[in-house]
Amino acid sequence: MPQAIMAILAGCTLLTALAHAQPTAVQYLSGTGKDQRVDWEFRVNGGRNANQWSRIPVPSNWEMEGFGTYRYYDDWSTDPAPDSTGEYRHRFTVPAAWQGRKIEIVFGGAMTDTHVRINGQPAGPVHRGGFYEFRHDVSALVRPGRDNLLEVTVQRYSADPAVNRAERQADYWLFSGIYRPVWLEARPMVSIDRVALDARHDGQFGAEVEVAGGTGIVTATLTTMAGKPVGRPLLAAVTGGRATLAGRFAGIRPWSAEDPQRYRLELAYLEKNRPVHEVTRTVGFRTVQLRPRDGLYVNGARVRLKGSNRHSIWPDSGRTTSAALSAADARLMKDMNMNAVRMSHYPPDPHFLDAADELGLYVIDELAGWQKSYSTAAGRPLVKETVQRDQHHPSVILWANGNEGGFNLELDDEFARWDMQRRPVIHPWANFGGIDTMHYPAYGCCAASLFQGRDVFMPTEFLHGLYDGGAGAGLDDWWNAMLRHPLSAGGFIWAFADEGIVRADRGGAIDTAGNNAPDGILGPYREKEGSFYAIRQIWSPVYLPLAELAHLPATFDGRMAVENRYDHSSLRNVALRWKLARFGSGPGHEVTARGTARLPDIGPGLRGHVNLGLPRDRAGSDALYVTAVDAHGREIHTWSWMLASADSVARRMHDGRGQEAGTVELDDSGDAYRLRAGEVAVAIDKASGMLGELRKGDTVVPLARGPRLVHGSATLTAIRAERQGTDVVVQATYSGNLRQVGWRLAPSGKLTVNYAYGIENGKQADALGVTFDFPEAQVRAMRWLGRGPYRVWKNRTQGVGFDVWEKRYNDGITGQSWQYPEFKGLHDKVYWARFATDAGALTFVSHSDDLALRVFTPRDPAGEGADPKDTRVAWPPGDISFLDTLIPIGTKFRPAADTGPSGQRNRTPNLGFFAAHTIDILVGE
């Protein structure tokens, strides 16, 4: 045993020695993030508020604080931005006790070339590269206990064209300035300089610790996050400025996205029996392997990554974020049942990695380079800065060397040079290193690759979520195919949130640069789109096959199959909380019974069964809800099924309306059959058989021109009116696709329409059903019983549930105005819907279980480049439609048919298609 180690062990206990080790002292010169900032003096040379000294909060992007210009895509090559240089000044003092210590100034990130001076002297060379943490040793420049002047010059674009090509020609907002925190670190002159860690899931541990000029020992002590010691400390002597520790900690719980178990690691440098300096890291023990032509493994188990791409951005502050925002974003990802995130297209703030470590997210950490790469000379120091800063995070399982062609192959080996764990390096968009990461492929793609290839595949961008297209649309098809294929390692949706920024020069409007950036699952302020909930259901690690049904059969006894879609965990710690509910005419539901069932010990990838323990008597209940709750009490997803039939719900809707005595008046003179029951008057056009006019008293209810087909032809062949008891019936028959339409008015004022139509075999159609006209301007709100509250698409029916929902009218455009849930669009499995209109209440009650309700036509996004063809939808004519089929939506780069089987146009079966439905129309309350 080395003499220095023996001396420590003889002189005192190790834990006592470590208790007196000196940690690194930190002093912030700026704020810590967007919510806590410090004003510095500032001057910019062009754009808004140029050429005058003023104040700016740091950290920030100067564009977001009223200076300079806003740019997207390119700000240097063809039309350089005028605000090319920002100058900062800030005065500070440090404690007098820092005299004799090593002092470094650290910049979390500054765009792009950054020259730092302390008290008029250069702190170090100009740093080139805007997304990276860098530091300078300023021990000889700082005057402890006295006033100091910090001066920083930040160039918007770099003097190195390779840096500009990698960072400032990119599909994202191009910001400037000191946008991450700035701080000072002070530690003993001989101290721990750098740490590299390798903590494996079986407890094996290694560390390389650099101590410049040191001749003592380094110790490693592991505790739980609560401070309980784990295993025995490790020790190693410093030789040649480095100590290499190796050993095994017993009793380790591995870190994974499903069980993010963390530990506190204390590394201490001791010299001559004296503790000198300590560094603390939060670590997790896990092993990552990319096994060629096999799969991606974490802790020896194959994993499929369920993730999205995330920019570091907030509408009011640009790239300046905060620890609170990072934690909130990570929680939103977990709420979608994601287990992974790709940092696109640059390393994130360290606090996002802290959140990923704590909550459990696998991270792809990316070197910048959007379609163009750094030169080798420019990239080498940036790889080093990325890996040295982030390598201890267990969440980081893959390094990405650039994006979409922006990878320099000469930099691949640089990651392993600094990463003791030697995590795999990928080239997003390419097939490299044994993993195919092709971007935006069509479903089932492609010859000799992905589903048809021999390599592990994991698209690092797919299902582009522009506006309401992509993201959740098509994901169910993709995910089921990925689950079936043994070489799939999952994939990453583009993107997490709309990259919209508040433009002070446009009156505070949010700008998404046309159709370049409104592609998130969430809005700029994290408003939840319908895809948020669809992804939550599709990526649920608990899968209930019965979820493919909307209605449970009368024979359902509470026993259901359960599939475990976790990669590591059993379902034994998952609970299913159920409740039976009854619906009334008001929003929400009444709970009639509730209970909890624990799931059995079903291993990953396996199926089992659970009995919910429902009561035998369910006669008073309309629906069943089942909520899966994980071991941490987090809701995984809630599924719902109807128990009551639409016909029984319809009968109950009329129970309180009474059965007025008398008969319905009929006037068959003129060009319409005119029917009257009390205040309700109806006109049925004799030439078409369609509704011509609907009134209550003196008020015209402007529902008209229906029911007419949304697809197919119809020619009226006969029409007649007759009395049936106290009711009047108008019956119309047709040739063509529409077969018949019948109208019935009862003395109570209930108007019923029944219709039947058929479509020939093998026909394709965007939609099948009937429609009415109604002026959108007269609608104020709607309340309905059905799946909601979000609209759906044929290739995105997930994420909605049965209830009585209510929403006010809005003319929201997904990804452009962020009013969610959108009012207009397709609503699934609607039993009844009541519209609040200028003419009073108008209610439709369906006697069929599976009708979809189309509510008006959503507007296409407006503005230059705002409406790519593949996210346009072929809407049928009319305003309020009752449909037997739904319409799919495409993505920014793919038509709907390329997103999978559910994205295909509706095709009638070989024997054709026939449908008959009955709908009650009620006017007034």
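This is a predicted model: local features need pLDDT of at least 70, side-chain atom pairs count only at pLDDT 80 or more; totals for chains, interfaces and linings use all residues.
View 1. S449 is located in the loop that joins strand 31 (435-436) to strand 32 (456-457). With a relative accessible area of 11%, S449 falls under the 20% limit and is therefore buried. Beyond its neighbours within four places in sequence, S449 is in contact with D436 and M438.

View 2. Two bridges link strand 31 and strand 32, which pair in the parallel sense. I435 has V456, in strand 32, as its bridge partner.

**View 3. Surroundings of K750.** The loop between strand 51 (738-745) and strand 52 (751-759) contains K750. The relative accessibility of K750 is 25%; because this value lies between the limits of 20% and 50%, the residue counts as partly exposed. When neighbours within four places in sequence are set aside, the contacts of K750 are H654, R744, L745, D920, I921 and L922. Among these contacts, R744 and L745 belong to the range given for strand 51 (738-745).

**View 4. Separation of K750 and I118.** Along the sequence, 632 residues separate K750 from I118. In space, the C-alpha atoms of K750 and I118 are 83 Å apart.

Conventions. Residues are numbered from 1 along each chain as its sequence is written. Side-chain values use heavy atoms; hydrogens and water are left out. Helices (H or I, at least four residues) and strands (E, at least two) are DSSP runs, numbered from the N terminus. Buried means under 20% relative accessible area, exposed over 50%, partly exposed in between (1.4 Å probe, protein chains only). Contact means heavy atoms within 4.5 Å. Two strands pair if DSSP finds at least two bridges between them.
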